[in-house]
Amino acid sequence: GPTTWGYLFEGAVKFGIYEVLKPAVRRILVWLATVTSIACLNNKVLGFLICGGVSGVGASLMLCPMEALRIRLVSEPDFARGGGWVHGFLRMVKYEGVGGLWKGINAMMLKQVPYTVTKNVSFDFITTAAYLAVKGWGMAIDANMKILIPLVSAFTASVLSTVTSQPGDMLLSAVNAHEGDRTVWDFSREIREKEGLKGYFRGMRARFLHVGIIVTVQLLIYDIVKRLVGIAATGST
């Protein structure tokens with residue numbers, strides 16, 4: 001359905017852009033630091049944050065149409081009855097236009113950019129810290145350790161990314177569950193006036209399980225695939 005295809009393309013774009021950009025952004029930041037004499041630009045964390053932000057934008061553009069359809073099918077079960085999700089997709093285009101598929105793009109950015117930055121960057125740094133700690137303790141990096149470190153790091157990253165993306169997820173659900181011209185900022189104001197800041201984090205406990213499993217498995221597969229294609233395991237260099 002829309003969830004499978006949406007997250008398939010989103011994941012490919014997100015991790016692909018992130019890995020391709022890392023060396024390029026690193027070189028640019030080193031060059032800028034040299035040219036401008038601003039030493040803080042030569043910063044690994046800054047480079048990872050930039051790569052995570054750009055890949056989050058790319059992922060948002062890919063995922064937005066499928067997520068809009070998924071939320072509509074959940075909020076209106078009869079929307080595509082008898083025709084499947086493809087029928088629902090065509091119906092949305094017919095009545096709302098192609099632009100209707102991207103009407104939640106602002107909310108999607110508010111969800112995906114913090115989510116991607118937190119997930120990818122925290123996974124990079126937690127695995128790096130873990131490998132350094134293990135080496136510092138004089139322990140061998142054996143096959144079991146190469147599974148344990150990414151597993152613990154991926155789980156931690158899943159918790160952090162769930163928290164940072166929750167406000168955006170609330171807004172995205174609100175925007176795509178309703179027809180009309182109300183903007184993400186209208187829904188944001190409504191949540192804030194009714195429930196305050198805690199309103200943005202309603203339902204987060206349920207997302208911990210859902211997102212936690214998805215992100216943990218996703219990051220483990222990402223790390224394994226990197227090794228299979230000859231790229232060093234995340235955080236090991």
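Helix axes are lines fitted to C-alpha atoms, for helices over the stretch in contact, and the angles between N-to-C directions run from 0 to 180 degrees. The helices themselves (H or I, at least four residues) are DSSP runs, numbered from the N terminus. This is a predicted model, in which local features need pLDDT of at least 70 and side-chain atom pairs count only at pLDDT 80 or more, while totals for chains, interfaces and linings use all residues. Residues are numbered from 1 along each chain as its sequence is written, and side-chain values use heavy atoms, with hydrogens and water left out.

The axes of H1 and H4 lie 12 Å apart and form an angle of about 55°. The two helices are therefore oblique to each other; that class holds the angles left over when those under 35 degrees count as roughly parallel, over 145 as roughly antiparallel and 65 to 115 as roughly perpendicular. The crossing of H1 past H4 is right-handed, that is, the near helix is turned clockwise from the far one by less than a right angle. In contact terms (heavy atoms within 4.5 Å), H1 contributes Tyr7, Glu10, Lys14, Phe15, Tyr18 and Lys22, which meet H4 residues including Lys111, Tyr115, Thr116, Val121 and Asp124.

## Nonpolar cores

A nonpolar core is a set of buried Ala, Val, Leu, Ile, Met, Phe, Trp, Tyr and Cys residues joined through side-chain atoms within 4.5 Å. Buried means under 20% relative accessible area, exposed over 50% and partly exposed in between (1.4 Å probe, protein chains only). The largest core has 16 residues, of which Tyr18, Val121, Phe123, Val215, Leu219 and Tyr222 touch the most other members. Two or more residues come from each of helices H1 (2-36), H2 (44-75), H4 (105-136), H5 (143-176) and H7 (204-228).

Apart from this core lies another, of 15 residues, among them Leu63, Leu171, Ala174 and Tyr200. Valine 121 touches Tyr18, Phe48, Leu49 and Thr116, leaving aside residues up to four places away in sequence.

## Cysteines

The structure holds zero disulfides, a disulfide being a pair of cysteine sulfur atoms within 2.5 Å. The sulfur of cysteine 40 has its closest cysteine sulfur in cysteine 51, at 17 Å, which is too far for a bond. Cysteine 40 is exposed, at 55% relative accessibility, whereas cysteine 51 is buried, at 1%.

## Glycine 88

Glycine 88 belongs to helix H3 (residues 84-96) and is buried, with a relative accessible area of 0%. Its C-alpha atom is separated by 56 Å from that of tryptophan 137, 49 residues apart along the chain.
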